[in-house]
Amino acid sequence: MSVNISNRSFRPYTGEKARITRAYDYLILVLALFLFIGAFHLHFALTVGDWDFWVDWKDRQWWPLVTPLMGITFPAAVQAVMWEKFRLPMGATLCVTALLIGTWIARIFAYHYWNYFPINMVLPATMLPGALVLDAILMLSNSLTITAIFGGAAFALLFYPSNWPIIGMFHVPVEYGNAQLSIADLFGFEYIRTGMPEYLRIIERGTLRTYGQYATPLSAFCSALLCTLMYTLWWHIGKWFATVRYLNKI
Amino acid sequence: MKTLIIKCLMALGLVLSVYSFNVQPVMAHGEKALEPFIRMRTIQFYDVEWDKQKFNVNEQVSVSGKFHVAEDWPVSVPKPEASFLNISTPGPVLIRTERYLNGKPFMNSVALQPGGDYTFKIVLKGRLPGRYHIHPFFNLKDAGQVMGPGVWLEIAGASANFTNSVKTINGELVDMETYGLSNGILWHIFWGVLATAWLLWWVRRPLFIARYRMLQAGMEDELVTLNDRLIGKSILIGVPVLVLAANMMTVNQYPNTIPLQASLDQILPLSAQVNAGVVDVETLKAEYRIPNRAMMFTLKINNRSDKQIQIGEFSTANVHFLNKELHVPSQVGSESMTAPEGLSMDNTAPIQPGEQRTMTITATDALWESEKLDGLVRDADSRIGGLLFFYDEHLGERFISSITAAVIPKFN
């Protein structure tokens, strides 16, 4: 049965009570970390997939569009729970950190040790700068609308520039086989992937064209617009699934 | 109940341990999984050769050969407008350093023309020691993988000795095995440290129960303090500034970068090697006798050459049926895909220059079944395709014709 507490009646826990609630905190945190490592990693692998797996998929048009759009989902849902129920503005950072832990484990053990790919070919992207800003905007604004518009947009807009220091050097050109390739393309040519022919890559295809040869800003702003909508959708999904029923019984 | 659970677990353990004694390495890549009509009527490989099958780490090996793109391309398979000449390997145990189609290097996918003839060559370099079953093959967009003949390669040496250096257009020599790795790890650690600091900032305080109770009690202002807000503002300003500064630094460090390249290579076929107009073959009928594992073709052959010719071989989906009377050389190293006495004919007399003859040839062997080509009779598209090799009397000159027909099954 839930307990109604009148305003300003709560006193911080002390002694054994404080120790037990702290143990509960750590228990939930560890469980949440493993849950997000598994669930967010799976979600990310199924939606962003090859765009994040391979250096020769990280193009300037679809990668910055798809990755933040799929990457803002879990952070929005977890923020909804952690902020609304606990005023903890760390949902996005926690989710993306968990994702990166899972991703790095997979890249090292599954891709490198199991399938022999060099790790530099499968370096993951980072969304941590966007997640930090998303958390900060939620805390400062305490508003779903403002966080969705400005936080969602920042999450998308910061993605490409925060990853360019990691992948920029892979876009240095190489003359190879009478053609111009980036080093990233050369990875795809040299390091054989039986089930990944070159034509499967989605590089600047479709009607999302460049504007005066500037593809990335166009994609980033398109992603920013979509992220504001995706953020709101997943905030409500998180809110819908979350319950504090068990907490009320404590 | 507890005893029952323990017994069940022990039984499960016993069953699993039996499996562990019988673990076999994988010997194939699903090359027989693709429907027979696709394997027989898309890319028809022949004359495929490896220059060696035993070599060391860092040593180069090449595979070269020819293929004919079937004219009778299956209607359910998209035309080969984007195809990728690949190598089936268990991961990059070799790296691909060069690849040629009709003598021209190509890096991307390529459009092939049905009816076209091509030569190919792929140069590989040993990376990880071991024994591997390798095929050249084509990834066909929206169709699958059509395998060429496979061989076993043995790579000796130590993987630690592998090197792969590439020179950029600016003249910088880079090691592909480690290029950009420490830089990538550094940036991940940098942002990871900031994120961890932010998480620890909150985790160091009582979290769920206490904060929930305080929020319920209307003590929100104590949950997010002035210091928290100050740090939040620092993040809001500091993180984008850091991102843009790091981005600018990278742009300045690597001013000449290019986007990923994704063009489709265009390489025209050779002049006709198959159906070159010297020996014309028309398939009148094809009949598959299931109990005998025998494919019988009725062919109308027109020898326009000035030499007498004989049929030496019928080849389809990398299976070779040889006419034992002719002693033609086997095309592949692997004997298991060749039926050395598999081809017989109702009239063994050479076909004279200018002669037009209707004859029956029969390709018989268990390979129809073991290679899962007999499944054709249960396919929606039950047409067969393959290459017929004619030789002159000295086995010096060869004429190749492609044949194709609907297959009529004979169940008894």
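A salt bridge is taken here as a side-chain nitrogen of Lys or Arg within 4 Å of a carboxyl oxygen of Asp or Glu. By this rule the structure, a predicted model, holds 24 salt bridges over all chains. One of them joins B:Arg131 to B:Glu154, with the closest N and O atoms 3.7 Å apart. B:Arg131 belongs to strand S9 (residues 130–140) of chain B and B:Glu154 to strand S11 (residues 151–156), so the pair ties together parts that are 23 residues apart in sequence. B:Glu154 is partly exposed, at 34% relative accessibility.

Another salt bridge connects the side chains of B:Arg304 and B:Asp280 (2.5 Å, N to O). This pair links distant parts of the chain, 24 residues apart. B:Arg304 sits in the loop between strand S16 (294–303) and strand S17 (309–316) of chain B, and B:Asp280 in strand S15 (residues 279–289). B:Arg304 counts as exposed, at 51% relative accessibility. B:Asp280 is partly exposed, with 27%.

B:Lys307 and B:Glu397 also meet through their side chains in a salt bridge (2.2 Å, N to O). B:Lys307 is in the loop between S16 and S17 of chain B, while B:Glu397 is in the loop between strand S21 (383–392) and strand S22 (398–410), so parts 90 residues apart in sequence are tied together. Both partners are partly exposed: B:Lys307 has a relative accessibility of 27%, and B:Glu397 has 32%. Elsewhere, B:Arg41, B:Asp72, B:Asp381 and B:Arg383 are linked in a network of salt bridges.

The interface of chain A and chain B was examined next. Here 99 residues of chain A are in contact with 100 residues of chain B. The two chains bury about 8700 Å² between them, 69% of it on carbon and sulfur atoms. A:Phe189, A:Ile192 and A:Tyr199 supply 9% of the area that chain A buries against chain B, more than any other three residues. The rule finds one salt bridge across the interface. A:Arg87 forms a salt bridge with B:Glu220, the closest N and O atoms being 2.5 Å apart. Polar contacts across the interface involve 38 residue pairs. Helix H6 (residues 128–141) of chain A gives the most to the side of chain A that touches chain B, with nine residues. That side divides into 59 nonpolar, 21 polar and 19 charged residues.

Helix H9 (residues 183–190) of chain A is mostly covered, with eight of its eight residues buried. These residues pack against strands S1 (173–176) and S2 (179–182) of chain A. They also pack against strands S5 (94–101), S12 (165–167) and S13 (173–175) of chain B. A:Phe189, one of the buried residues of H9(A), is in contact with B:Met107. B:Met107 lies in the loop between strand S6 (104–105) and strand S7 (110–111) of chain B. Its relative accessible area is 6%, so B:Met107 is buried.

B:Asn86, in strand S4 (residues 83–88) of chain B, counts as buried because its relative accessibility is 0%. Its side chain reaches the backbone oxygen of A:Arg193 at 3.2 Å. A polar contact of 2.9 Å joins the side chains of B:Asn86 and B:Asn139. Other residues in contact with B:Asn86 include A:Ile192, A:Thr194, B:Arg96 and B:Phe137.

The largest nonpolar core has 184 residues. Those with the most contacts inside this core are B:Ile43, B:Phe67, B:Phe314, B:Trp368, B:Ile384 and B:Phe390. A second, separate core of nine residues includes B:Val274, B:Leu322, B:Leu387 and B:Tyr391.

Methods
Residues are numbered from 1 along each chain as its sequence is written. Chains are lettered from A and ligands numbered from 1 in the order in which they are written. This is a predicted model: local features need pLDDT of at least 70, side-chain atom pairs count only at pLDDT 80 or more; totals for chains, interfaces and linings use all residues. Side-chain values use heavy atoms; hydrogens and water are left out. A nonpolar core is a set of buried Ala, Val, Leu, Ile, Met, Phe, Trp, Tyr and Cys residues joined through side-chain atoms within 4.5 Å. Buried means under 20% relative accessible area, exposed over 50%, partly exposed in between (1.4 Å probe, protein chains only). Contact means heavy atoms within 4.5 Å. Buried area is the accessible area (1.4 Å probe) that two parts lose on being put together, summed over both. A polar contact is a pair of N or O atoms within 3.5 Å; within protein, one must be able to donate a hydrogen and the other to accept it, and residues adjacent in sequence count only if both atoms are side-chain atoms. Helices (H or I, at least four residues) and strands (E, at least two) are DSSP runs, numbered from the N terminus. Ala, Val, Leu, Ile, Met, Phe, Trp, Tyr, Cys and Pro count as nonpolar, Asp, Glu, Lys and Arg as charged, and the others, Gly among them, as polar. Lists of a residue's contacts leave out its neighbours within four places in sequence.
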